[in-house]
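Colleague: Hi, could you walk me through some helix packing here?

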Amino acid sequence: MNFKRILDICNIIIALVLVFLVAGYLLFRPDGSESQDEDSILIGASYMTMNNEFFAIINEQISHRVEAEGDRMVVRDPALNIDRQVEQIEDMLDMGIRVLILTPVDSDAISDVLKRARAQGVTVIVVDSNLSDPSLADCTIVSDNYRAGVLTGEYLLSKMKKGDRRNIVIMTHDSALSGVERVNGFTDTLRDQEGISIVARIPCEGKRELAVPRMEEFINKKIPFDCVFCLNDPSCMGAAAALDSNNLLESVDLYGVDASPDVKAMIRDGKIKGSVAQSPTQVGEQAAAAMYKLLKGEKVSPLLLVPVELVTIENVEDHNVDRWQ
């Protein structure tokens, strides 16, 4: 074997060794991702349901901030099932979350798992609905739900003339304190007012798919009514569908809470009388800001109220109909 042949073989061996060394470095190098995961904060989120764009927007706002901070987020959808929500939160606690962002399906039944979260040192941020025991949350960010009901009641009264009578149906969600507060604000405003009668309260869990059949069942009872107050816009859209299929949408005044794009469009078209505007963008931004302040040891108010505004035919053009606030 001549010298050139030996040199060629040596070059091949050296090249192969270099290839293996480079491949090994790329495969096993400490690129910082592992240490980044170790240093990053794991945040868990459980909203009441993800079948509502309101919560999707809140989560989007929080996710933007979490990503910008280099942290991680895991989101679970209990689909309005409290047992599933408790189980999902327990799983996230086992994963080692440092923060829990929560909209409780049931404000009472969630207490035990939140006590475990607090015992583990988890920061708890509640959005869109209050807890029965506020001390279980580090911060609660909600729209002014009671005022949402008050604004609707005041508007309804302003449209009544002397001698008018209104027979009102209320669509409810009694296990969600946000819904309870909206209804309370509405009924407190109308209490002892002449000509006002609450003829029915229909539980619907704030879901369109429940509001439709339950409103239709009520219509079939032939009880006279001319106004419906709904705790949120999904139930308002469900009530609207039931009224429309029974040719009652034009003769019944319908109110919601959210001012979602679909409902604002129906207000503009004269099919819905009004809806109180919530801002999921503001709720999400404030939740993210409060979370990072608390993680830094800074003080945050235990309750942050986001202002609300009634959207009606008189002012709907002042709002962007095509998107949320």
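This is a predicted model: local features need pLDDT of at least 70, side-chain atom pairs count only at pLDDT 80 or more; totals for chains, interfaces and linings use all residues.

Colleague: Thanks! Which residues of α8 are buried?

Modeller: Leu210, Ala211, Val212, Met215, Phe218 and Ile219. Buried means under 20% relative accessible area, using a 1.4 Å probe and protein chains only. Helices are DSSP runs of H or I with at least four residues, strands are runs of E with at least two, and both are numbered from the N terminus.

Colleague: And what do the buried residues of α8 pack against?

Modeller: They pack against β6 (166–172), β7 (196–203), β8 (227–230) and α9 (233–245), with contact meaning heavy atoms within 4.5 Å.

Colleague: At what angle do α8 and α9 cross?

Modeller: Roughly 40°, and their axes come within 7 Å. Axes are lines fitted to C-alpha atoms, for helices over the stretch in contact, and angles run from 0 to 180 degrees between N-to-C directions.

Colleague: Which residues of α9 make the contact?

Modeller: Among them are Pro234, Met237, Ala241 and Leu243, while the α8 side includes Arg208 and Glu216.

Colleague: New topic: how do α6 and α7 cross?

Modeller: The axes of α6 (residues 145–158) and α7 (residues 177–190) cross at roughly 35° and come within 6 Å. Their contact includes Tyr146 and Leu157 of α6, and Arg182 and Phe186 of α7.

Colleague: What comes after α8?

Modeller: Lys222 follows α8, and its phi is positive, near 60°.

Key. Residues are numbered from 1 along each chain as its sequence is written. Side-chain values use heavy atoms; hydrogens and water are left out. Buried means under 20% relative accessible area, exposed over 50%, partly exposed in between (1.4 Å probe, protein chains only).
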